[in-house]
Amino acid sequence: MIKLRVPATTANMGPGFDVIGLALDLYNTFTFALDDGDCDKESMIYEAAKVVFDKAGASMEKFSYRVDADIPIARGLGSSATCIVGGMVGANELLGVPFTQDEILKMASDFEGHPDNVAPALLGGCVISLPAGDGVVYRKINNIDNFATIAAFPDFDLSTAKARAALPKSLSYADTVSNIGHMGFLIHGLETADTEALFFGLEDKIHEPYRSKLIAGYDVMKTLEEVHKGRVLISGAGPTLLFVTEKSADLEAIKRDWEKISESLDAAWDIRILHITTTGVEILENA
Ligand code: HSE
């Protein structure tokens, strides 16, 4: 029996569409066993595990799993990535670890179609990742202690498929150059604790302008930037919003102010301080 937990992740971080993500301390916990137990064979968890079993040439006749989920589904916090990473790492452990972490990352990235949630879910921390050649090239960004995050989850969902369908088929040079430039400042700001560069770097022109229209209340929630130093981002494909602020900020006061702002909206918004976790998937029991 293998019990493991996988962290929530926020992807994109403004300009880093499909290439940068961050692990947060909210978890889905999975238990896997080689037995006749009952489980949903149509699920993403089962399908992800099957990729590993098939690649290892192993039978899934005896395989079952259970999930204990704390991460809301289809909210932009990497719930699908936890199912993919959980299913693949669980299967790999049950089979005696035939695949390396890099091979699991490649399989997970192929499964999801982009690596920016599965990479930090697997590795923890803030990860830049890009499929290249036969694998996924990635680096963890160190020195990410200088900022803090507060998430606002609305009581409505938004599928990644719908949020991706809202994106334009082509981009202008001006918007592309803007994102390249801001991404440079973002990485510099993260690595050097230069919060001025970090906040400047969180500007996006290639997905947020299109997706914000799908998130009722976005403009109102964005006004938090007028009251507190920091940036409101769409977390992954949304609709969760993430406020990135300085670590030294009064997070409880920001949370209260964001709650007050959300009270004028039709939807209910659950505002939570989420801490960055530098640990990715964790094996809790291996018996
Ligand atoms: N990078 C992805 C997107 C994350 O924004 O569509 C959500 O799966």
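**View 1. T149 reaches the backbone of L274.** A polar atom in the T149 side chain sits 2.7 Å from the backbone oxygen of L274; a polar contact here is a pair of N or O atoms within 3.5 Å, and within protein one must be able to donate a hydrogen and the other to accept it, with residues adjacent in sequence counting only if both atoms are side-chain atoms. T149 belongs to strand β6, residues 147-154 (strands are DSSP runs of E with at least two residues, numbered from the N terminus). With a relative accessible area of 1%, T149 is buried (under 20%, 1.4 Å probe, protein chains only).

This is a predicted model, in which local features need pLDDT of at least 70, side-chain atom pairs count only at pLDDT 80 or more, and totals for chains, interfaces and linings use all residues. Residues are numbered from 1 along each chain as its sequence is written, and side-chain values use heavy atoms, with hydrogens and water left out.

**View 2. Residues around the ligand.** Let's move to the ligand, whose surroundings include F17, H114, N117, T160 and R164 (a heavy atom within 4 Å). Sorted by class, this shell holds 3 nonpolar, 5 polar and 4 charged residues.

View 3. R211 places a polar side-chain atom 2.7 Å from a ligand oxygen. Of the 260 Å² of accessible area that the ligand has on its own, the protein covers 96% (Shrake-Rupley method, 1.4 Å probe).

Note on methods. Ala, Val, Leu, Ile, Met, Phe, Trp, Tyr, Cys and Pro count as nonpolar, Asp, Glu, Lys and Arg as charged, and the others, Gly among them, as polar. Helices (H or I, at least four residues) and strands (E, at least two) are DSSP runs, numbered from the N terminus. Buried means under 20% relative accessible area, exposed over 50%, partly exposed in between (1.4 Å probe, protein chains only).
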